[in-house]
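Dear colleague,

I am passing on a structure to you, together with some notes on what was found in it. Please read them alongside the coordinates.

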Amino acid sequence: MAGAKNHDYHILPPSFWPFMGSMTALALTGGGVMWMHSHPFGPWVFALGLAGVLATMYFWWADVIREARAGDHTPVVQLHLRYGMILFIASEVMFFVGWFWAFFDFSLFPSTVDAVGGTWPPKGIEVIDPFAFPLLNTMILLCSGTTVTWAHHALLHGDRAGLKKGLWCTILLGALFSCIQVYEYVHAPFAFKGLNYGAAFFMATGFHGFHVLIGTIFLIVCLVRTYKGDFTPRQHFGFEAAAWYWHFVDVVWLFLFVTIYVWGGWGAPIHAG
């Protein structure tokens, strides 16, 4: 029959969201630049762009969820979605490579920066004790990696109760990690500005904390979808993508803990607070 579908691909109908996303992203970045240059309309343009980007993300992903429920995510479509998620995580890896590169450049060649006194960490800097809250947060994230794996295996075996319990535990552990990091930042013995140590520290760990927040929201969405009856042992890419992202966040933190907290502060006085 003419027009009959004879392939496993899902041909998307025309969508407004790519155009909406590009325009609101332009407003977001343009408003941010205006705000940095003290333009009176900068904060308003930035807020409008941010609201548009968030709305685009919500409605676009809602369309993807409806496609999954309608059975449009055939095995070949799911395979390509996995390819897309792998490439996205690879781009995130390179994003963090930049922050690690900056930190290693500062720490391995301190003599090139007069302001740090030729040593690393810079003279007069007290560092955060890596075996206090940072070690606790490491244990929390490692535990969260096991709970999200528990949830994944429960889903694969049709255990809906185990899936919910594993997601709840992972979300709570992620929220606890974020709360501890906020406390650590508030009581940090150094500021963001002034020296490259503080800037490199807060940019690397802060962006990781932002990714933990995103991952927690990702898992909350999965939990809501679970209560609505979504995900089956054979079709659960949304949850699988969230689990992959969470494991990526765990691995990045291990590198941050070892390089920035332990190695990067070696030999400097530890803050007693």
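How many salt bridges does the rule find across the interface of domain 1 and domain 2? The rule finds one, where a salt bridge is a side-chain nitrogen of Lys or Arg within 4 Å of a carboxyl oxygen of Asp or Glu. Please note that this is a predicted model, in which local features need pLDDT of at least 70 and side-chain atom pairs count only at pLDDT 80 or more, while totals for chains, interfaces and linings use all residues. Residues are numbered from 1 along each chain as its sequence is written, and side-chain values use heavy atoms, with hydrogens and water left out.

The domain assignment, which is automatic or taken from a database, gives domain 1 (16–72) and domain 2 (74–271), and their centres, taken over C-alpha atoms, are separated by 24 Å. Five residues from domain 1 and six residues from domain 2 take part in the contact, meaning heavy atoms within 4.5 Å.

Between them the two domains bury about 460 Å², with 42% of it on carbon and sulfur atoms; buried area is the accessible area (1.4 Å probe) that two parts lose on being put together, summed over both. Of the area that domain 1 buries against domain 2, Ile65, Arg69 and Asp72 supply 70%, more than any other three residues. The side chain of Arg69 also meets that of Asp230 in a salt bridge, at 2.9 Å from N to O.

Best regards
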